[in-house]
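Hi everyone, thanks for coming.

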Amino acid sequence: MSADKAEKIAEAVRALAEGLDRLEKAGEGIPAVEKNVVRMRGTLRQLEVQFELPDLKRST
Amino acid sequence: MSEYWNPVLETLPAERMREFQFAKFKRVVDWVYAKSPLYKRKFDAAGFKPGDLARWEDIARVPLLTKDDYRCQGKDPFPYGDTLCVPLEDVTVFHQTSGTTGTPVYQPDTWADWEWWSECWATIMWAQGFRPSDRLFLPFGYNIFVAYWAGHYAAEKIGCEVVPGGVLGTTERLMKMKELKATAFMATPTYVLGMAETARTELKIDPREFGVKKILCAGEPGALIPSTKKRMQDAWGCPVRDHVGATEVGAWSFECSHNPGGLHVIESMFLVELLALDSDEPVEKPGVPGRIVITSFDRQAQPCVRFDTKDVSMWADRECSCGRTWRILDAGVHGRVDHITKVKGVLFSPVTVEEVVRSFPEFEGEFEIIVEKKGDIDRIRLRLEMPTGLAKESEDELCAKLLSNLRWKTQLNFELERMEFGSLPRYALKAKRFHDNRKGH
């Protein structure tokens, strides 16, 4: 797989992370949003650690 | 669809992988030092600071973590104490080790950690040919041991159809597998053989008739012991492949479908080092046995950094035809440092006995190895279940051949205790076949 493709995946992963940040902010205080964001972040993190260097600060 | 779960990382050239690993190693060392009082204490006591990690060679300066270090658990925040790296409310699941080698270790995981477990297992299962077309039966007693829980979730992630065979007995599990035409299952080598035995004796069905296409093993070294692997494959008529993991570590290695004759290390998620058996010197040369020391890069709640597993293996000096660049541990895990012991002055590994016993198709039952003292002399005894329906003369002949092979392989004279078939314990999880009853062992 080309480095280009890996970089495109990394870019898309970053965009998704920003989208989740926006979703979390929009739904602040609503369990149905916040708890599902936690779950989606767990899945997203698997892509982050594989296609970017790990950013443990944004972990929990 | 790619034959690799992650084609980028599974084929990364070795040099780039080292850079990737070193960056991840530094991140996790920073993380545990900042978050876990246990690691801070250990590092400070050794005079080590995360900022000291400037080059690959500095990894050896990071103190080793052992099972004893987990003794700080049970305190505040309960029950993880100083090992915990996240707020307690972020922990979403508890598991513990089986306690085979002492007090069980508590293992917390966040939801992201649990997704990480699935990711490790998905990497393994994909490499072993698991696909959405598989109907996977899990003959596993779902409980506080992590064991096949993660396999279950990984199979769902891959898209397999998962059948949880939880509290059923062996016969009921087999009947359900047959009824549903399961294409795959996961179990310890002991249980894979035990299920075959139950199919033949209780259900009067040849296990090959089940139509199982693949079996994934874990929990014991058997699937990479050639005679045990052959016995399982002959019994079920399909490939049987190994994977190795540990509760404190994660699922860190596997045998791919190209049969590498050992275990690929998941190098993108783990740093695996081999250290000398009697010192902390690194072992890089292929073919030299060493203790396996593991760091899990991406776990958050309770990652392990340089965990001394006390398991023994050696690096292979070959590449795998699968195209993965991940290194191979030759013949998998050979046993544990604390099981490799001197008997009558000879270095002895219980795995060798399994290899010999399983190479005799007539011995289908269980066995136990007992080492004890008779006066000042070591005595090694093999308690072995005898085949049923064999004439006394043939049994004597078979036993003589077995003892001769054992003598040849181990340089030790075994006393043989002939046991009735079915009289020794059966194990669904880790078998405990080796008992060293000498004082201090």
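Before we start, one term: when I say contact, I mean heavy atoms within 4.5 Å. And please keep in mind that this is a predicted model.

With that in hand, let's go to Trp121(B). Setting aside neighbours within four places in sequence, Trp121(B) is in contact with Ala147(B), Tyr148(B), Ala150(B), Gly151(B), Ala154(B), Met186(B), Leu216(B), His243(B) and Ala251(B). Trp121(B) also belongs to the largest nonpolar core, which has 90 residues. Which members of that core touch the most others? They are Phe25(B), Trp121(B), Met125(B), Trp252(B) and Phe270(B). The element that gives the most to this core is helix H4 of chain B, residues 111-127, with 11 residues. Apart from this core there is another, of 24 residues, including Met177(B), Tyr191(B), Ile215(B) and Ala223(B). As background, nonpolar side chains in soluble globular proteins tend to be buried together.

Now let's move to helix H3 of chain B, residues 37-45. Its buried residues are Leu38(B), Tyr39(B), Lys42(B) and Phe43(B). Why do they sit on the same side of H3(B)? Because the arc they cover around the axis is only 120 degrees. Just after H3(B) comes Gly47(B), with a positive phi of about 70 degrees.

Helix H2 of chain B is also where we find Val29(B). Is Val29(B) buried or exposed? Its relative accessibility is 0%, so Val29(B) counts as buried. Beyond its neighbours within four places in sequence, Val29(B) is in contact with Phe43(B), Phe48(B), Pro50(B), Leu53(B) and Val305(B). Take the pair Val29(B) and Leu53(B): they are 24 residues apart in sequence, and their C-alpha atoms are 9.1 Å apart in space.

How many cavities of 30 Å³ or more does the structure hold? The count is 1, and the largest cavity has a volume of about 40 Å³. Its lining includes Gln50(A) from chain A, along with Trp5(B), Asn6(B), Leu9(B) and Trp326(B) among the residues of chain B. By type, the lining divides into 5 nonpolar, 4 polar and 1 charged.

How values were computed: Residues are numbered from 1 along each chain as its sequence is written. Chains are lettered from A and ligands numbered from 1 in the order in which they are written. This is a predicted model: local features need pLDDT of at least 70, side-chain atom pairs count only at pLDDT 80 or more; totals for chains, interfaces and linings use all residues. Side-chain values use heavy atoms; hydrogens and water are left out. Buried means under 20% relative accessible area, exposed over 50%, partly exposed in between (1.4 Å probe, protein chains only). Helices (H or I, at least four residues) and strands (E, at least two) are DSSP runs, numbered from the N terminus. The arc is that of the directions from the helix axis to the C-beta atoms. On a 1 Å grid over the protein atoms alone, a cavity is a set of points where a 1.4 Å probe fits but cannot get out, and a pocket is an open set with protein on both sides within 12 Å along at least five of seven lines; lining residues have an atom within 4 Å of a point. Grid points are joined across faces, edges and corners, and a volume is the space filled by probe spheres set on the points. Ala, Val, Leu, Ile, Met, Phe, Trp, Tyr, Cys and Pro count as nonpolar, Asp, Glu, Lys and Arg as charged, and the others, Gly among them, as polar. A nonpolar core is a set of buried Ala, Val, Leu, Ile, Met, Phe, Trp, Tyr and Cys residues joined through side-chain atoms within 4.5 Å.
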